[in-house]
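Let us walk through this structure step by step.

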Amino acid sequence: MRAALSTDRGADAPAAVRARFPRSGRAGRMRRMRRPPKRPEGRPPKPRDGRAPGAPPARGQRPHGEPGRSPRKADARLPAAAATPRGQAAPPEAGAEPPRPGAGAGSGAFWIYGQHAVLAALANPRRKPRRLLATAEAEATLRERFTGPWRVTPERAERSRFATFLPEDAVHQGIALLAEPLAPVGLDEAIAASDGPVLLLDQVTDPRNVGAVLRAAAAFGAACVVLQDRHAPPETGALARAASGTLDMVPVVREVNLSRAILALQKAGFWVLGLAGEGRRTLAEAMPRDRRVALVLGAEDSGLRRLQREHCDELVRLPMAEGVDSLNVAAAAAVALYEVVRR
């Protein structure tokens, strides 16, 4: 019998051994492992984490056997899901504080700074202001020059605070307005609201140049400035500061395809002139007498691109002294607009 026990106790063991030791072998060991341990009757099972029966789960844990996310992650999502129907924005919490400087108040909100830029933004009914910070001196000046209505209450701030949310070289004059970008303007809407000329900028990406062009457009009564959507700067504080308030005066039209915008203007009766140094005639010589004019200006480094050149009715140049190849795009826009409106 001892010799028999020392051999394999599986399926090859003698029948007598298997009958006397029914739990021998691998199958028997597996059955013993699956059998739950005995415990006295009436005593509840002890949780695996060692807590007393009935005690709440530890922080960061969920009750044993409960499916889903951990309580910490689930609790963070429950209020929004329970209080807000799907597809709707969650309502603001009662007593919520206004946005922190630089934090933004919505999609694309940015800081406009400087007296002229802030005054124009406050006076523009299309602009949505969120927060206004001003020093004591700047607020006094603002109240003298702005007659309202006030859509945002000025908040007193020390001058040193502006350095925490504005660029280091920002000339803010002690005043800054957190505002949303302007809603898009359609080309048809812009040319119907004004009989002035139209400016189209072909991949002019410097916000300061675009701001300076807007100042020239406002000075000479342009109907709008057309930008290519993907190759033009967005509304920023630097652009608004360079425009000196005219960002809220001149409509800015953003088009996906500048060539199609040129064709739309031609169908509307415009004569489209592209400014290029190799133009055979000057702008003054090519100026039409019987229709509105649209001017297309390219970037300083590359000028007008091929498609824009091909779609223009004519390429013209500005008369310049020998040895000067080109002007800054904003200076060229100002000279060209003056030539157009003086007729």
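Helix 5 spans residues 115–123 and is mostly covered. Seven of its nine residues are buried. They are Gln 115, Ala 117, Val 118, Leu 119, Ala 120, Ala 121 and Leu 122. This is a predicted model. What covers these buried residues? The cover includes strand 1 (110–113), strand 2 (129–134) and strand 4 (175–179). Helix 6 (136–145) and helix 9 (237–243) are also part of the cover.

Now follow the chain to Thr 246. This residue sits in the loop between helix 9 and strand 7 (252–255). Is Thr 246 buried or exposed? Its relative accessible area is 7%, so Thr 246 is buried, as the cut-off for buried is under 20%. Thr 246 touches Gly 211, Leu 214, Arg 215 and Ala 218, leaving aside residues up to four places away in sequence. Ala 216 is 30 residues from Thr 246 in sequence, yet their C-alpha atoms are 9.0 Å apart in space. The side chain of Thr 246 also reaches the backbone oxygen of Ala 243, at 2.6 Å.

Next come the pockets. The largest pocket has a volume of about 470 Å³. Its lining has 24 residues. Leu 275, Ala 276, Gly 277, Asp 325 and Ser 326 lie nearest its centre. The lining divides into 13 nonpolar, five polar and six charged residues.

The second largest pocket holds about 260 Å³ of space. It is lined by 18 residues. Strand 7 gives the largest share of this lining, three residues. Here 15 lining residues are nonpolar, three are charged and none is polar.

Terms used. Residues numbered from 1 in each chain as written. Predicted model: local features only at pLDDT ≥ 70, side-chain atom pairs only at ≥ 80, totals over all residues. Heavy atoms only, no water. Buried < 20%, exposed > 50% of the residue type's maximum accessible area, 1.4 Å probe, protein only. Helix = DSSP H or I, 4+ residues; strand = E, 2+ residues; numbered from the N terminus. Contact = heavy atoms within 4.5 Å. Polar contact = N/O pair within 3.5 Å; in protein donor to acceptor, adjacent residues only side chain to side chain. 1 Å grid on protein atoms, 1.4 Å probe; cavity = no way out; pocket = protein on both sides within 12 Å on 5 of 7 lines; lining within 4 Å. Points joined across faces, edges and corners; volume = space filled by probe spheres on them. Nonpolar A, V, L, I, M, F, W, Y, C, P; charged D, E, K, R; others polar.
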